[in-house]
Every structure is written in structure tokens, then in C-alpha cells.
Amino acid sequence: MPHNFTLIRCEVSDINNMQKKGFSRGQMAILIIALVLIIDQIIKVWVKLNFSLYDRIIVFDDWFQIYFVENNGMAFGMEFISKIFLSLLRIVAVFWLVRWLIIYIHRGMKWGFVACLSFIVAGAAGNIVDSLCYGWLFSESTRDTVATFLPVGGGYAAPLFGKVVDMFYFPLISWNWPSWLPVIGGNHFIFFSPIFNFADASISCGIIALLLFYSKYLQKLLDTSSKSENKAANKKSETKV
């Protein structure tokens, strides 16, 4: 595929008429992934080196806080599988997503679709950096101590066992459930209670945008893929006969 190293400015209506579409989409994907990774890591390193565990800063009237926590699990602090398995699963998932992102770029898929996939890839890669590197790059964060970079004697964990740094907390609404309600009666409820990071937000925004704006497009891709698989299976059966 020919490459064009000249920066081109164009109107949105002219995007589909641009030459060498794949390279332009590739540039956009690389830019999105690089920006998300850089912003994500700058925020995480700043929090890690300036906050002790569970420190918080009120940003806007209690409903937006910087609240430092760490987790071994998935997005928004969920934990239900082992750390090593989760880290390896993340790496495999990112390689799989990158593979399909490259395929879709070369197929000339819609710009928005490629952008959504790029945000998902970038977010997944951002949390992999924490798991791979933070365990040996930093000392452990506790309630009483702030972590240090490249501590004497090594970090707090081996590669793949680093904890993911989370910090964004939006307790928008809270209330106590009436005591007469079964199970949840008397409990305190907070919306939105999960604490997350920039990488989590990137993944969520990419997925939500895909579902909102490209659900029909995704369905067409799935239908096309299933038809191709059926044709391949039919050819194999005909060859055997």
C-alpha cells in the first residue's frame, strides 16, 4: 500500500475520497493509542508518587474526587479471577484487538469505527503497563507511605503482578434504602461508586460508542464473517466428498 507522508487537511465530507485511506486511518489509530497511553500513565505516575493509599482530593463539591486505590482485577476494581491469569488474558486480548484493528484499517473501515477500536486497544494496553511494570518500578503504596520510584532493594511485586492504579471517583448521588425493603433495606447506596482510571474510561467510551453508533455496522461484519465461515466449511465438505 503506497504511503503519503504529507499532512492533509480536508473536510469530513471529503474523507471517503482521500487517497491512501489505510495509511491515514493508521495514523489516526496510532495517534489515539499514543495519546491515551501517555495521558493515562502521566496521571497514574503522578498519583502513585504523590498519594498514600486511600488519600483523596475533593475536586468539585464532593461529586468528583481524586481517590487513590489499587486493585488486582479488571476495570472499575472488579476481581474474580487470579492476577497472573488476568494479566496474561489482557496481553492476549490486546494482541487480538491490534490484529483486528490492523485488518479493519487495511479494509478501509469507517473512521469512527477505527477510532472506537483504537480507544479500546489503548485502554487495555494502559492497564497492562501497570501489571507488567509497576510492581518492579515502584515501592508499595500504603495508608502511611507514598510510593517511591525505583526503590532500593526492588519493587513490591514481580512483573505481571503489579497493581492497577485507579483514581477517578464520581459519587454523584447517595441515599439510604428504606429499612422495610428486603435484602437491601437500611443499606447505603452510592451512584456512581466504582473508582476507575483514564484507561478504563477509554475502554468504556470506545465500547459505548461502538454500540451506539456502529451496532448495525457490527452486525453486518458479524453476518459477513459467519457467511465466510460457512462458505469455507462448505468448500471443505465438498472437497472431502
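**Cysteines, sheet and nonpolar cores of the predicted model**

Cys205 counts as exposed, at 52% relative accessibility, where exposed means over 50% relative accessible area, buried under 20% and partly exposed in between (1.4 Å probe, protein chains only). The structure is a predicted model, in which local features need pLDDT of at least 70 and side-chain atom pairs count only at pLDDT 80 or more, while totals for chains, interfaces and linings use all residues. Residues are numbered from 1 along each chain as its sequence is written, and side-chain values use heavy atoms, with hydrogens and water left out.

A disulfide was taken as a pair of cysteine sulfur atoms within 2.5 Å. By this rule the count comes to 0 disulfides. Cys116 is in no disulfide, and the nearest cysteine sulfur to it, that of Cys205, lies 9.6 Å away. In contrast to the exposed Cys205, Cys116 is buried, with a relative accessible area of 7%.

Secondary structure was assigned from DSSP runs, numbered from the N terminus: helices (H or I) have at least four residues and strands (E) at least two. Two strands pair if DSSP finds at least two bridges between them.

The antiparallel pairing of S3 with strand S6 (residues 195-196) involves 2 bridges, and Tyr169 stands opposite Ile195 in S6. Strand S3 (residues 164-169) is mostly covered, 6 of its 6 residues being buried.

A nonpolar core was defined as a set of buried Ala, Val, Leu, Ile, Met, Phe, Trp, Tyr and Cys residues joined through side-chain atoms within 4.5 Å. The largest such core has 22 residues, of which Leu101, Met109, Phe113, Val114, Leu117, Leu210 and Tyr214 touch the most other members. At least two residues of this core come from each of helix H1 (21-50), helix H2 (83-106), helix H3 (111-137) and helix H4 (198-213). The most is given by H3, with 8 residues. Another core, of 15 residues, lies apart from it and includes Leu137, Tyr156, Val165 and Met167.
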